[in-house]
Every structure is written in C-alpha cells, then in structure tokens.
Amino acid sequence: MDVKLTALAAGVLMIAAPAFADEVAPGDVVFGEYGEVEASLTGVAGDPAAGREVFMGRRLGNCLACHQNSDMEDQPFHGEVGPMLDGVGDRWSEADLRGIIVNSKNVFPDTIMPAFYVNDGFIRPREEFVGQSILTAQQVEDIVAYLMTLQD
C-alpha cells in the first residue's frame, strides 16, 4: 500500500510540476518602460470568477476598500481613495493592469496602493509575512482576468 501511495504522490507531483515551473517569482517580474508586465506570471490564463472573489475578499486583495465597482453593488463599504473601476477593461490593457497590480508604484509613483506581488522592501512586516507577497501569481492573473471583464 505504501509503495502505491508513494508512486501516486510522485505521479501527481510530476503532473503538477510544469504548472509551477512557469511561475515568475516576485523578484523576477519584468516591467516595461511604463510599468506594464507583458508576460503572464503563471503561463495559465486567469479565472475571472476567482479574480472577482479575490477582488472583493477582505482578507486577500481587499480592492473594494479603495475602489468602487458597480459590478459589486451588493457589497458594502466601497472605498473612494482609488479610481472607479467601471470600464477599466476598456481603458487599460491586460499588461497595464498586471503591472499596476504587481507594483502600482511603477506606474503611479505617489500612489498608496500596495504592491501586491512583491516580497521584499516592506517596512516592518510581521515576522510571518517576511519574504511573502500579498497575492500569489495566480491570484494576480485572476484579478487581471476579472478586471478585463469590466468594460463599458
């Protein structure tokens, strides 16, 4: 039984390994001249439904704390610090949105928006968060896919 379980686990790891092999680490993200990130961070298409959940999740992206979004009228406490995101998929390209989410300071130097896919340079992070990004690479891709659905 242990041999079969070990073989099964090894097979699962071999199948899953390619999905993780293409993931770009936070320190390896390549930004364009204007802060855009052309290449996917995962090599896997983002899931708009999952991105919507991260967007409104108070423990993950918490995007609603700063941004209004008519698609989420049923959600309480939309912020007014950041711009309204209705139609954002028409105004920005996928690469632009990815760059803004990864590290918005490359596009808007004076913004208070956090860098969601950076794992260093934070001021006094809690010990358990040292070396970690706020979002995973796939969560960034999912949010980008969701934002691209917000079109006028």
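This briefing walks through the helices, core and pockets of the structure above. The model is predicted, so please read every value here as computed from it. Its largest nonpolar core has 26 residues, and its largest pocket has a volume of about 470 Å³.

**Helix H2**
- Helix H2 covers residues 48–56, and its buried residues are Gly-51, Val-54, Phe-55 and Met-56.
- At the N-terminal end of H2 you will find a cap: a side-chain oxygen of Asp-47 lies 3.0 Å from the backbone nitrogen of Ala-49.

- In soluble globular proteins, nonpolar side chains tend to be buried together.
- Here the largest nonpolar core has 26 residues, and those with the most contacts inside it are Leu-41, Phe-55, Ile-101, Tyr-117, Leu-135, Val-140 and Leu-147.
- At least two residues of this core come from each of H2, helix H4 (94–103) and H5.
- Leu-147 is in contact with Phe-55, Leu-85, Val-88, Gly-89, Leu-97 and Ile-101, once neighbours within four places in sequence are left aside.

**A buried glutamate**
- Glu-141 sits in helix H5.
- Glu-141 counts as buried because its relative accessible area is 4%, and the cut-off for buried is under 20%.
- Leaving out residues up to four places away in sequence, Glu-141 touches Ser-40, Leu-41, Thr-42, Val-44, Gly-46 and Arg-98.

**The largest pocket**
- This pocket, with a volume of about 470 Å³, is lined by 25 residues.
- Nearest its centre lie His-67, Pro-83, Leu-85, Ile-100 and Met-113.
- Helix H3 (88–91), H4 and H5 are the elements that give two or more residues to the lining.
- H4 makes the largest share of that lining, with three residues.
- Sorted by class, the lining has 20 nonpolar, four polar and one charged residues.

**The second largest pocket**
- The second largest pocket has a volume of about 290 Å³.
- Its lining is made up of Arg-59, Leu-60, Phe-122, Pro-125, Phe-129, Gln-132, Ser-133 and Ile-134.
- By class, that lining divides into five nonpolar, two polar and one charged residues.

Conventions: Residues are numbered from 1 along each chain as its sequence is written. This is a predicted model: local features need pLDDT of at least 70, side-chain atom pairs count only at pLDDT 80 or more; totals for chains, interfaces and linings use all residues. Side-chain values use heavy atoms; hydrogens and water are left out. Buried means under 20% relative accessible area, exposed over 50%, partly exposed in between (1.4 Å probe, protein chains only). Helices (H or I, at least four residues) and strands (E, at least two) are DSSP runs, numbered from the N terminus. A polar contact is a pair of N or O atoms within 3.5 Å; within protein, one must be able to donate a hydrogen and the other to accept it, and residues adjacent in sequence count only if both atoms are side-chain atoms. A nonpolar core is a set of buried Ala, Val, Leu, Ile, Met, Phe, Trp, Tyr and Cys residues joined through side-chain atoms within 4.5 Å. Contact means heavy atoms within 4.5 Å. On a 1 Å grid over the protein atoms alone, a cavity is a set of points where a 1.4 Å probe fits but cannot get out, and a pocket is an open set with protein on both sides within 12 Å along at least five of seven lines; lining residues have an atom within 4 Å of a point. Grid points are joined across faces, edges and corners, and a volume is the space filled by probe spheres set on the points. Ala, Val, Leu, Ile, Met, Phe, Trp, Tyr, Cys and Pro count as nonpolar, Asp, Glu, Lys and Arg as charged, and the others, Gly among them, as polar.
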